[in-house]
Amino acid sequence: MQEEHIDWEAMIKAASNQAKQAARNSERTLGGVAEVLRTQRSQAEALSALRKTQTELQDLLSDRSKEKHNPSVTLPHGTIAIRRRWPIVLLASAVGASVALLVSGIT
């Protein structure tokens, strides 16, 4: 009977190489997860800002519709200028939110 020769050194080297490759893959995976978490955090902040802007705009629009439907309300002096500014505020908020989303998508 012949004894089978086992090359222990080659087996240990192979196992060591496989462990190193697994460690590199794990580092890449964790780096990817960290990047996803950073992106998610920045997009959550942008979404929160958008929701806040949306709520403010809904409040403005509901106030405006109440003013239209209630003719008995007397408006104080200077209200006309405020009414003319609300489309600019709406546009500026939308642009700001879009820029925030764009920036968060880049980083």
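Modeller: A definition to begin with: helices are DSSP runs of H or I with at least four residues, numbered from the N terminus. The model is a predicted one.

Biologist: How many salt bridges does the structure hold?

Modeller: Two. Arg-38 pairs with Glu-35, with 2.7 Å between the closest N and O atoms. Glu-9 and Lys-13 form a salt bridge as well, at 3.8 Å from N to O.

Biologist: How far apart are Arg-38 and Glu-35 in helix α1?

Modeller: Three residues, so about one helical turn separates Arg-38 and Glu-35.

Biologist: And Glu-9 and Lys-13, how many residues apart are they?

Modeller: Four, in helix α1, which covers residues 8–69. That spacing also means about one helical turn between Glu-9 and Lys-13.

Biologist: Is Glu-9 buried or exposed?

Modeller: Glu-9 is exposed, because its relative accessible area is 54% and the cut-off for exposed is over 50%.

Biologist: What about Arg-38 and Glu-35?

Modeller: Arg-38 has a relative accessible area of 46%, so it is partly exposed. Glu-35 is partly exposed too, at 35%.

Biologist: Changing topic. Which residues make the nonpolar surface patch?

Modeller: Ile-6, Trp-8, Met-11 and Ile-12 make a patch of about 450 Å².

Biologist: Where is Met-11 found?

Modeller: In helix α1.

Biologist: What is the relative accessibility of Met-11?

Modeller: 48%, so Met-11 counts as partly exposed. Patch residues need over 30% relative accessible area, and Met-11 is therefore past that cut-off at 48%.

Key. Residues numbered from 1 in each chain as written. Predicted model: local features only at pLDDT ≥ 70, side-chain atom pairs only at ≥ 80, totals over all residues. Heavy atoms only, no water. Salt bridge = Lys/Arg side-chain N within 4 Å of Asp/Glu carboxyl O. Helix = DSSP H or I, 4+ residues; strand = E, 2+ residues; numbered from the N terminus. Buried < 20%, exposed > 50% of the residue type's maximum accessible area, 1.4 Å probe, protein only. Patch = residues over 30% accessible without salt bridge, like charges linked within 9 Å, V, L, I, M, F, W, Y side chains within 5 Å. Areas by Shrake-Rupley, 256 points an atom, 1.4 Å probe, with all protein chains shown as cover.
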